[in-house]
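Please read the following briefing alongside the sequence and the coordinates.

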Amino acid sequence: MSNSILVVGGGFSGITAALEAAEVGYEVFIVEKGPYLGGRVAQLNKYFPKLCPPSCGLEIQFQRIKKNPNVKFFTLAEVTSVSGSAGNYTVKVKIKPRYVGPAGADLHELAQELSADVPNPFEFGLSNRKALYMDVPFAFPYRYVLDRDKLTRDDENLLAKSIYLDLNDTEREIELTVGSIVLATGWKPYDVTNLSNLGAGSVADCISNMQMERLAAASGPTGGQIVRPSDGKAPKSVAFVQCAGSRDQNHLNYCSYICCMASLKQARYVREQYPDAKVTIFYIDLRTPERYQKFAQVTLADDGITAVKGKVAAVEQGAGQVLVTVEDAVRGAKYQQGFDLVVLATGMQPSLAGEKTPFGAMVDEDGFVIAGAEQGIFAAGCAKKPLDVMKSAQSATGAALKAIQTVRGR
Amino acid sequence: MAQRIEPDLQFIKELQEVGGESLKKCYQCATCSVACPISPSANPYPRKEMVWAQWGLRDKLLNNPDIWLCHNCGTCSDLCPRGAKPGDLLAALRNMAYQRINPLPCIGKWMTSAKYLPILAGIPALLYLVLWIISANFVAGSAFPVAEGGKIVYGELFYELYFIDPVFVTLAVIVAGVFFVGVRNLIASLKPEGQVLKLGPGADKSWVCCLIDVIKEEVLTHKKFQDCGADKADRKIGHMALFYGFVCLAVVTGLLAAGFWTQMILGWVGIHVHNPFHTPMSFANPNKWLAIVGAVLLLTGLVLLTVRRLSLDPKKSASNYYDWYLLGVIWAVAVTGVLSMLLRLSGVATLAFPMYYLHLIAVFMLFAYLPWSKLGHLVYRTAALTYVRYMGR
């Protein structure tokens, strides 16, 4: 039997679950697939409920991790197999090489010397990066990472000279013995290329809401300037297309919960940056539960922001503008309107959707984790259902308590 | 302004029974109105019909010409995020209209379920059985008469003068009368109280001009089917093949009757002429060629439309008894017609006459019940399209 807890995923839910268990004395292992902790929150410009920049909330969590010897975390790590049962699991974890030592050196200048630019998935294709990179300035661990496959021969020779890198670093496999597992595998933005009637990602100035977060973020590709990807110009009119793939049996058959609030928040980004810009939000229902209702009221009181009831059912490239076609269901009028920038409020798809997991067949048809006390495996955050950051943290705390109950016995 | 909604719950149930069973899934996102390639920009359909149906607003739905503008391509249902099947709802409303606007609504009810099929088929079966017995005893002299040279001539048993034309001419008169009353009821239901306010282009046109325009621009060319989208090409070709198949066969039948009656009437006044369309026509007769072209078009259309209907995703669009009844009857007409010819040529009287008897039953079922079946759209959609043109919608 083991008293330790494994947390799969180092986003806001995973970190919270780990800390809640660690701070009451349990040993916790976080296994994170990416090179940094922080997950989707680290990609946001601001997050709910207080519209803090992510560095604010995450920094506190990172401090708690640093100070707590009970938390051990592995980045670039993936669970490859799980065996055993509740109370006694043997977990194999594969850790990819980082090639960068733990000194915490700022390798920015070295990275700039590299010749090749490679696509940057952290910025959702809005910019490129060097193969030696750090996602955001507040990244944790504060340690560069090398995408070795993307190096040219010259780049390799250059990096071989650096004392902060070890190009001979290799993949490792470790084995952990734990009593319980928390799955905090999070979510991915729904793939816009599936939305054939909404441009399928081929209209340059029709972006996703996560791309909008990166455009608005100070650490993002434009330094926080919201501009059109096609020509870098400031948009004078912006449309938000709600339920882009959500609440749709042809795509995500559920409400992604946060997109209405995300668009209202992003409408504020636009209005704060461009006081003359007009924003239109096309919606089926504006779902702003509980205290978010007030946020919606304040946002919609702005004369520059209009909400139209009607789902956009066609997005096309026009002459210099993006054309959206919609029926205003209140007036009963179908029309086409051009906007400088269109934002698709794409929903949350669980990261495990369509993936083979070593945890057995424990996901529902949408990819959300179904697990329980019997297996001693619990879902936290958006692996369980679409949630905002605050509710993810609550869900993670609940999962931590259940994990503790499993390893201790009630 | 507050408006009190009085839902007609019974109406919602009836609508669900005739093909609108998914209507309550709609959450009014309006994707359908945008997805529809032929829906107008002012008060587009079918989103508004979905909410009227959910609220049981019977009068609004029944007085709405838009259900006839829809050509049922199914694009709205394909894109519907809820599987609410707006296309099926409009089809259901049309099915309901066939029951409502025609006299003798009981015949409309017989179209709703397979359990009434014995009545619909039994009436012509009994009629032609009686005629067969009468002819066998008093006209042809045998139940399976064979003419000189072992040839089978259907006219020997079911002689046009006594058995075919009187029945179908009577039916045609009745059906025309039913359509007259039905069109009057339809237009009356579409008309707002008071004077019709004519808007937009065409406001100065007369009824007749609008009707001619509809036939010229929409019916003959199937333009609306074209507008429904290139991905629905099989539907356009199938429907067009069926339509022109029927046109060919109507011309063939018209010439047969014209030839027969011309010879007959001139014979009464002592003038004897040759009837070029005496049945059975030889394969050298151009009218026979036309008949064969018609039959091939009919079968082509049937295959295309049946395959399409079978391949529909039940999550997106469902076929109901109305749909299959009409397709089934047309299949029966075409198949028994072709087999009647083949069996006649093969000379097996004991098989040929029963097949011709089945053909008569099928043709009777197609024509006698025309106004109440889905094929009623031939007249009612044309009337509604003429009306909306007249209004300027």
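Two residues are in contact if their C-beta atoms, placed from the backbone, lie within 7 Å. On that criterion the contact between the chains takes 19 residues from chain A and 19 residues from chain B. This is a predicted model, in which local features need pLDDT of at least 70 and side-chain atom pairs count only at pLDDT 80 or more, while totals for chains, interfaces and linings use all residues. Residues are numbered from 1 along each chain as its sequence is written, and chains are lettered from A and ligands numbered from 1 in the order in which they are written.

**Contact between the chains**

- On the side of chain A that touches chain B, β18 (322-328) and β19 (333-339) of chain A each supply at least two residues; helices (H or I, at least four residues) and strands (E, at least two) are DSSP runs, numbered from the N terminus.
- That side of chain A is made up of 8 nonpolar, 6 polar and 5 charged residues, where Ala, Val, Leu, Ile, Met, Phe, Trp, Tyr, Cys and Pro count as nonpolar, Asp, Glu, Lys and Arg as charged, and the others, Gly among them, as polar.

**Domains**

- Chain B is assigned domain 1 (9-101) and domain 2 (106-391), with bounds that come from an automatic or database domain assignment, and the C-alpha centres of these two domains of chain B lie 29 Å apart.
- Their contact takes 25 residues from domain 1 of chain B and 31 residues from domain 2 of chain B, and α7(B) gives the most to the domain 1 side, with 8 residues.
- By class, the side of domain 1 of chain B that touches domain 2 of chain B has 11 nonpolar, 10 polar and 4 charged residues.
- Chain A is assigned domain 1 (5-96 + 171-186 + 351-408), domain 2 (108-160) and domain 3 (191-348).
- The C-alpha centres of domain 2 of chain A and domain 3 of chain A are separated by 31 Å, and 6 residues of domain 2 of chain A are in contact with 9 residues of domain 3 of chain A.

**The sheet in chain A**

- An open sheet of 5 strands in chain A, with parallel pairing, has the order β13-β20-β14-β15-β16; two strands pair if DSSP finds at least two bridges between them.
- Because β13 (206-208) and β16 (305-309) of chain A stand at the edges, each with a single partner strand, one side of each is left without a neighbour in the sheet.
- Strand β20 (residues 341-346) of chain A runs parallel to β13(A), joined by 3 bridges, and parallel to β14(A), joined by 5 bridges.
- V343(A) in β20(A) stands opposite I207(A) and also opposite F240(A), whereas L344(A) in β20(A) stands opposite S208(A).
- In β20(A), 6 of its 6 residues are buried, a residue being buried if 20 or more other C-beta atoms, placed from the backbone, lie within 10 Å of its own, exposed if 12 or fewer, and partly exposed in between.
- Both faces of β20(A) are covered, with L341(A), V343(A) and A345(A) on one side and V342(A), L344(A) and T346(A) on the other.

**Helix α15 of chain B**

- Helix α15 (residues 286-310) of chain B has 25 residues and reaches 36 Å from its first C-alpha to its last, close to the 36 Å expected at 1.5 Å a residue, the expected span being 1.5 Å times one less than the number of residues.
- The buried residues of α15(B), among them A291(B), G294(B), L298(B) and L305(B), pack against α14 (233-268) and α16 (321-346) of chain B.
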